[in-house]
Structures are given as structure tokens and as C-alpha cells.
Amino acid sequence: MEGTQGLLAIFTIATCFLVNGAQKTVCKEEAVADIVFLVDGSWSIGSENFKQIRQFLYTLVNSFEVAPDQVRIGLVQYSNTPRTEFLLNTFQDKQDILQYITNLRYMGGETNTGLGLDFLLNELFVDRAGSRVNENVPQIGVVITDGESMDNVGLHALKLKKQGVTLYAIGIKEADEDQLKEIATTPHNQHVYSVSDFAALQGISQSLIQVLCTTVDEAKRPISKVVQECLNATVADIVFLVDGSTSISPTNFQEVRRFLHSFIEGLDIGADKVRIGLAQFSNEIQKQFHLGEHTDQRALLEQVDRLPQLGGGTATGKAITVLREEFFTKANGSRADQRVPQIAVVLTDGASADKVTLPAKALRQQGVIVFAIGVGAANINELKDIANRPHERFLVNIESFQALQTLSQGLLQTVCVSMENQRMEPSGDTYTGKALKYSLGYFGAQYGGRKALNVPQWLMVITDGEATDPYSLAGPAKELRDNGIIVYSIGVVGANKQELELMAGDTNKVFFVDDFHKLDTLHKNISFEFCQTSKPVCEKTQGDLVLLIDSSGSISTTDFTIMKKFATDLVSSFNIAEQSFRVGVAQFSSDPKKEFFLNEYYTEAEVNNQINNMMQIRYTTNIGKALNYVRKEYFQPARGSRINAKVSQNLVVITDGRSDDDVVDAAEKLKAMNIEVFAIGIGKDHKPVELGQITLNPERVFSVQDFASLDKIKKKVVDTICSSKVPDTQAGCTIDIAMGFDITRRATAQGLFDGQAQLQAFLPQIIRYVSNLKGLCCVAGDGSIETNIGFRVVEQDGKVLYDYNFEKYDEKIVEKVMALQTSQTTYFNSFLLRSFSDKFQKSNAGVKVLVIFSDGLDDDVVKLEQESELLRTKGINALLTVALEGVQNANLLQMVEFGRGFGYKQPLNIGMHNLGNTLLTQIVSGSSFCDNRIRTTLLVVSPCVVVILYVT
């Protein structure tokens, strides 16, 4: 591994951390900062959404200790022009600010963000407005906008940043991402926030507060405190590699000297303490002094203050090589053999004339931790190649040399922490990939794993360095996730962020801290993630869940948002996955509206994102019409319903009023399909009796007084869904039989059956015979058996020529089939089988049988066997083939069959005696209808039929 050697710990998490209440995050009491909010008040916001901005500002301000000698707050609203709401020195008390924000007036107008930024520079971050910039108090600007600015923002933002203002940009809905990045301070992943709507602002408030607090804490930290923190990090070898090329002006090079002076002044210099080396480079590298040459801090600082500038070009790669070969050596003062931390700080302002990748990698592989500082036009990609990972910690890119003074204190702290961590870490390599593979076995049932009970399984990986086996990470990590194990990656100090993301497979499951002592600060974030992922154990391990949400005009915008929140919370209570719970959503008012079907989204995040993006319909309330709509459109195999596989079918209706149409008939039809209906009524206008008519079960009816009370019944709703079961019924049985035809070698190109005399003669009789399953002994005693026949003819490429739905025997339909005309050639190939797979998607029958009349296979038999197996996995109970006249290799037809019963070895052909009876026997006795579990006395059992045959 590069840089620091690693320490890796893997924990198998079996239970969720318990967090007792949500504690408000606030800055430390000693926090000092000047914070100005620049708020978009343009027409695109809207008065309703502006209320959300007020609430967001209120939450942020309420988290700070506001006082004249602590945090000061300023506020500017802008549209066409900016307007001062209050300056940094207007209010002395937080309550006065909160009161002002509560009553903040909405401006309206266009969006000129650049003008607003310029206003901050000239009117807010100045002495007369209460700014303490001259006292070295952190200056922070927070810009909130929902759209693209009509004027330029980059130049105005740059002026603020050059004055030392840290800028955060928060974009809502249609905000321009590029403009947000122009506004914000780098790195953008820490200073740019984007949310999908105004309601989501509260969701980022705590995160933003924490980041602002961290910024205040780090920027304000006095040098004496940094020195105190570095007292523990008393031993290190640090070499500075400073760019002295002509592109740096004499004035700016003086800033470099000041930076080095300030940095070194904060360290404990000595022969047995911190040793400093210094090299300057342009086209060539010039040694200023090796490690250990100056053990007196005063003499060292004098050398730094007199540092002459080289001038010339920029050959960074060559300089890094010299650093490795001549500075970090025992002969020149390096104490690497004594396990003293080895640190290099590279500072440059431009692109290198030579390659830096390999020299930098060689330096890191030698165990040197490399920090890279880029100023102005420095090449960011080169800086990434130079620095250790994660780049958020070891790479700094600033816009001017004047910013080096602000940087020095924070960087000194970071270096000291790295010194201490490197000194304390144990030896050994970091075989993370090998460890991941090893951990997979611990989730098995033999070690207590409860995957079979649908209990979530987590793996937490903690590492502080790059993997020794980086190319072995992807496979085990994917295998873990494929087995349903959620991986959390926690990186410390020198961990590789790309490797952390590779292991977790999701950036939201990656955490990072800059030293081991800060691991303790993560427990709330991680435990929250665990609890969000954890689900109550549901008796139903699988289910199809459709939410039918009222969006009529009687529901306000605020209440509709609350209802969407309830819907997402409901979804989050189940294990959402393709093989577990699937979710579909529709909303309704006068007419129903599709949001998404059961087979469109298979993750909780995707489902909840779609729910949050729903737009309200309004108008009247027709629940009956909506119930019929979801029955016909959602609870269908083609829409992702697993109704044919006997997976629990669930419908949750959420409404605030009585229906304007009848619900009884629609509810009865849902019940007939074994769909469990749950109804939630909100407010005073809904009728509990009507909800009972919808569910046909009073235990599935829930009522609340108002929308705000929905959350109180969530657990009860979830528990009821999980424990509810469709009562066992003794209903009759339905069999759908599909018939297809492959007559590749026809006598003419007109009639489908031309040249097949036996087929023309016997087919009507066969259809009539297999349609009649009377006289069998049904499980229900009096239960009936309903047989439906469907037909389909397809072209060579699978295009449907003729199709007849599954219906009871109808002589007129048979006559139409017998008279079919086509000039197209039909084939028994993969397209034919796939077409029938699609046809059966519309079938709700308990038993499904496909019969193909064929004059021989027209595709590779292995390929057809694979397609046949796919039919079986999709719920088709049997595939039978009947050989026609002129068939070639009839035995090959049998190779694609499945589900046949008695006499399954005998080929079926159109000329055999009483073919209709034989087909009927195959349907009844095959796996399409039976479970031949007892072989001596044959007990033939199906979902509908029991036939006992005694062997004599």
C-alpha cells in the first residue's frame, strides 16, 4: 500500500444501535464567526415555498450561540436588486433575529445572484456593517437560490473568496449546478448542496449546521491551540518542496516565505523531535537544507526568511524524484528506520513540464505521506497524482498566495494529526480484499446469520490506508452485496476514498474521519443509517404493495406533502427488493393517475424518490373508479404483480373524504382476486362505513383526525399488513391452455393449415375434448374447473399475426382459427416461445399449459431447451408438443417438453388414436396438475384436483 500502513477492522453487525431521541446539533460555545445569508426572493420561489426558506433559516440560526462576541448573523434578500434585511451588528440577541426571520417579507422579482454577491462584498463584509474580518474572525456567506442567475456570478464570488470569505451554495429544484460551483468555495463536495424541492431543505439543515460549525472551529483556531495539539506529535521528518519558478511573482514568493515561517513556528523543532528539510525547484531542484541540518528553530526560521527565489520553469516530477533519492534517506537525516513519520509538503502554482504520476507514487510507496498545495492555475489532476488519498485531506487548492496564511494553521493541525496517527499505527500490510472474502462466511446460518428470516445483514469495514490487494476488492465486495449484505466503509486518515466507495457500492454508506480519535463522532450518523436500513421482521417475506393516494382538491398542498411523507415512511418499513416487497403507486381524484407500476423500481430510495416527486391532481373523489383502475392495471403479471405465484397482494387506500361513486362492486372484484385492501381515512369527512365497504374487513380500516396524526398509526398499519392473510377458500380451479402452430413447410402460402389434412380434421375435436375436464374429483368437493383456450400465431421474428384471448370453448372462435390465412412462414424457434411467455403474463389461472403443433424444430435445440426452462420458471406448468405430418426428427420435439405425466416417453403426433384424450391425460397427470410424490399407489394432487389411481 502507499503512504501509511493500514489497520483494518471488520465488524458483523447483528442488531441496530438504539438512539434515544434526536439531539440538536449546535456549534461549540466558544465558536466565533460572521455569517451572512444571501436569500433568493425572486418570483420563481413562490410565497408558499418562501415559508420553507424562513423555516430553514430559523433552524440554522437557532443552532448558533448568537452574541456580539460570538456568532454574528447578517441577512440579505435579493431579486432584481439586493435588500439588506439586517447587518451583522443590527441585532445583539438571537431571539430578535428569529423573530425577524419569522416575519421576513417575500420580495418577488427576477434573479440577479451576481449583484447580490457584490452587495455582500461591499455592504456586509465590511467594518461598518459589523464584520470582524480585521480581527481574523471567520467570514462565511451562505447563498440560497432556486434558479439560474441572469447575471454573472463567478467574478463576484471570486472577489469574496479572495477577501477570505468562505462561500456555501444551496440550490433548490432548478438551480444551475455550474453556477452553484462557481459561487462556492472548493472543494465543492463540502460547499455545494442541492435539493429536489423546498420541503427537502429541512433534511440538509443538520448536515449544513455541522459543516458550518466545523468551518468556524477550524478557521478560528488560534496558533497557540494548534501548537498545543501538536505537542503529542513531537517526532517527525518533514520536507518542504517549494515551487520557485518565474510564474510566481516576488510579492507572491514572499507569501510563500511567510507561510513556511508560520507553519514551522508551530512545531517543536529539535534533533530528537521534528526535523525539517527544504528544497526549491524550477527546471532543476536546489537543496536549501537536509533533515537535521538545523535543530534550532530560530536558526531555521532565519534560513526560511532569507530563502532566495530560483526562477525558471516547472519540473515537478524531477523534483519529487530528487526528494525521494536525496532527502528521505538515512544519510541525509531521515529516521524512517526508527518508524518516525515521513512527510512531504509540495507547493506549486502551475502545471509541470514533466510527468509527476510515477515519481509521486514511488515516494508514497516508500512510506512518505505527501501533502499537495496548489495555488491559482495549478493543475488539479497533477495535484491528485501527487497527494495521498483521500484528496479531501491531503490536497488543498487555493485561489491566491494571500490565502496561504489562512491555510497554514489548518494544514499544521492536519499534518500534526497525520504525524501522530502514523507514529501509532501497527506494522503489517492491509489485505482488505482477502478480509472481505473471509467475512462473507460469517453471515451464514451456521454462525447465527438470520437471512432466512429477512433480518438485514451489515458489514462495517474500518481501514486507515490503501489496500495491499486493491485488485481483489471488487469481487468480494460485489459478492457480499449480491448476497444482500449491506457494506459500510469507514476510512481514517490515509484511506483510499475510491476503495471505500468500491466496497460499499454506495457513496451514502461511506464515512471518513481524519484521525482515529474522531471515530467516536460517527456513531450517531452510522447508527442512524443502521436504524433507517433496519426493518421490523414481517411475517410476509414477500408482497406486492400498491398505494392508492387521494389527491383531490379538498387536500391542501401542505397536507399532501405530509401524506407523501407518510407514504415514504410506510414504504421504508418494508424490505424493498425485486424478490421481497415490490411497490407500485397511483393517485386519484376524479380520475386515477399512474405514478409507477410494481416492476419499475426495486429499491427503497427509487420508490421514495418517485413518491416525493408526485404532483397533486386535485378535483373530486372517485374511489370506486380508482379501485377498478388499480385492479385492472396494477395487479397484473405484466405490471410486475406476482399474483400467479401466490405472492401476497396488498392495496393501501389513503383518502380524506367520501367517494362520489360506488365502491362496493369494485371492492368485491378485488376480494375475488384475493387482494387484501387496507383503508386509511383522514379528517371528519370520510365515512368509516364506506371504508369498511372498501376493505370488507373492519380490522383493515384506520382513521385519524388530521394529516399530522398519520405518523401515529404507521406501526399499526405495517403490523396489520404483515400479519394479515387471505382466508383459505375452496374456490374452483382455472386452467388456461394456449395453442400455437408451426407449419414451416406448407403446401400453399394461403391457408395456415394447408397440406395438413389430419390437423384440419382432428383439431376441432381436440380443442373440444381438452376444454372438458368434468368428472374429476376436485379438492373443494363442489368446486368447479374452468378451462379456457387461447390461440396465437407468430412470424419468424416473433411478430404476432393472430391472437385469441383465453376464453371458454366457443365453436365460432374455433371456426375462425381453422380459417386463418397467412402468407408468412411460421417457425418453431426462440421467438415463438418468448411470444407465448408474453401471452401467459396476462393469465391469472392456477394452471397454465402450452401446446405446440409443429412440423419440426427450426432453431438450435440447446437454445430452445433454455427458452423452455425460462417458461417453466415463469410459472408455465407444462409445454407439450404434437408432431404434424411431414415432421423431421420428431424425437427432438420431446427435448423441449416439460410437465408431461403418464407415458411421457411416448411422442405425441397428430395421427395417433384419440389424441384429444391423450392430451387431456397429460394435462391432468403431469406436473402441470400433479405432484407425483407417492410412487407405489399413485396419488395425483394439483392445486385443484385429487385423482387416486390404484396400481393392480
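Predicted model: local features only at pLDDT ≥ 70, side-chain atom pairs only at ≥ 80, totals over all residues.
β14 pairs with β15 in the parallel sense over seven bridges, and V487 of β15 is the bridge partner of L459. β15 and β16 likewise pair in the parallel sense, over four bridges, with G491 standing opposite F512 in β16.

## Burial of strand β15

Because eight of the eight residues of β15 are buried, the strand is largely enclosed by the rest of the structure. Both of its faces are covered, with I485, V487, S489 and G491 buried on one side, and I486, Y488, I490 and V492 buried on the other.

## Helix α18: buried side and ends

Helix α18 spans residues 497-504, and its buried residues are E499, L500, M503 and A504. These four lie on the same side of α18, because they cover an arc of only 130° around the axis. The buried residues of α18 pack against α16 (432-440), β14 (457-463), α17 (474-482), β15 (485-492) and β16 (510-513).

At the start of α18, N496 places a side-chain oxygen within 2.9 Å of the backbone nitrogen of Q498, while just after the helix G505 adopts a positive phi of about 75°.

Terms used: Residues numbered from 1 in each chain as written. Heavy atoms only, no water. Buried < 20%, exposed > 50% of the residue type's maximum accessible area, 1.4 Å probe, protein only. Helix = DSSP H or I, 4+ residues; strand = E, 2+ residues; numbered from the N terminus. Arc of directions from axis to C-beta. Contact = heavy atoms within 4.5 Å. Polar contact = N/O pair within 3.5 Å; in protein donor to acceptor, adjacent residues only side chain to side chain. Pairing = 2+ DSSP bridges.
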